[in-house]
Amino acid sequence: MGSAAKTPSSFASMLSLPASVNPMAVLVLIAGLMSLFVPTYITLADEVWNNDAHGHGPLILGVSLWLLWHDRHRILEGEPRPAVISGFALLAVGLMVHVAGHSQSINMLTTLAQPIVFASCLLLLQGAGALRRAWFPLFFMLFMIPLPEVVVQAITMPLKQAVSVVTEWLLYEAGYPIARSGVTLSIGQYQLLVADACSGMNSLLTLESLGLLYMRLMNYQSKARNTLLAIAIVPTSFVANVTRVIILVLVTYYFGDEVGQGFVHSFSGMVLFTVSLVSIYFIDQVLSLWFKSPAAKPGAGAESAQKEQA
């Protein structure tokens, strides 16, 4: 009974902090961050996260916060060495960006302010070492920043054009009566417009973030392997979007426009991500033929942290 009483509960371990960290200081920082950014999250939920282009925002936010808390012992390890001057300077920059975004209703700025303010809090709480160890969750937050519409359209239009061209060529070679005018596909009696959601831009951002998270969880030590895997996500996203458009075109051709634009249209989005994730895993397995060393496991000791041979 005595030994059992000394064993901390799983709930207590979830809330534990390194001995060198002042729990009250952490509580104050969390309260301040919540008061600053919860209104921002509410605005993003109403104006940004409710559309296909930025629907991955809550996922990015949740994963980033989970990584920060999950790795808190590693991030906050060692004696505190607060960087007061640089910390307050960075905090001032983050707050100015936040105020400018709110005053001008620019969601890109209010979202950008979050990793800046988080970084300043780490500098003030623990120092530059903590900021270096928390680089990935803070960098991951950048994927939830809504891009300006001008930038999105500049990237989306060429992608839609490319998806349309490849879809038309594949179906034409397969013997289907298909023609194309710009980003409009005509098959049989039906015409289908390749919309922004089918261009690949939205899925590219989401898949790139998921790919980075996959590499972070696998904790590969080879920079070459990580770089190749990150680059491979771009053509993987394109192939998945072409697959999605082909499915929609064929469903419309065989079953009619109502079926193609109904449940199947939404279901094709699930097919897109399934194809993409399976492709990423397959590419990773192919890369493992050249990078044979196992992934390093966090906290598994020196032997498991050996670097892969590039």
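Ser105 sits in the loop between helix H6 (84-104) and helix H7 (107-125); helices here are DSSP runs of H or I with at least four residues, numbered from the N terminus. This is a predicted model, where local features need pLDDT of at least 70, side-chain atom pairs count only at pLDDT 80 or more, and totals for chains, interfaces and linings use all residues. Residues are numbered from 1 along each chain as its sequence is written, and side-chain values use heavy atoms, with hydrogens and water left out.

Most residues other than glycine have a negative phi. Ser105 has a positive one, and so does Asn219, which lies in the loop between helix H11 (201-218) and H12. Exposed means over 50% relative accessible area, buried under 20%, and partly exposed in between (1.4 Å probe, protein chains only).

| Residue | Phi | Relative accessibility |
|---|---|---|
| Ser105 | near 55 degrees | 63%, exposed |
| Asn219 | near 55 degrees | 22%, partly exposed |

On to H12. H12 still bends by about 25 degrees at Val234, with Pro235 following within four residues. That bend is the angle between axes fitted to the seven residues ending there and the seven starting there. Just after H12, Gly256 takes a positive phi of about 105 degrees.

Finally, H3 (23-47) gives the largest share, four residues, of a nonpolar surface patch.

Terms used: Helices (H or I, at least four residues) and strands (E, at least two) are DSSP runs, numbered from the N terminus.
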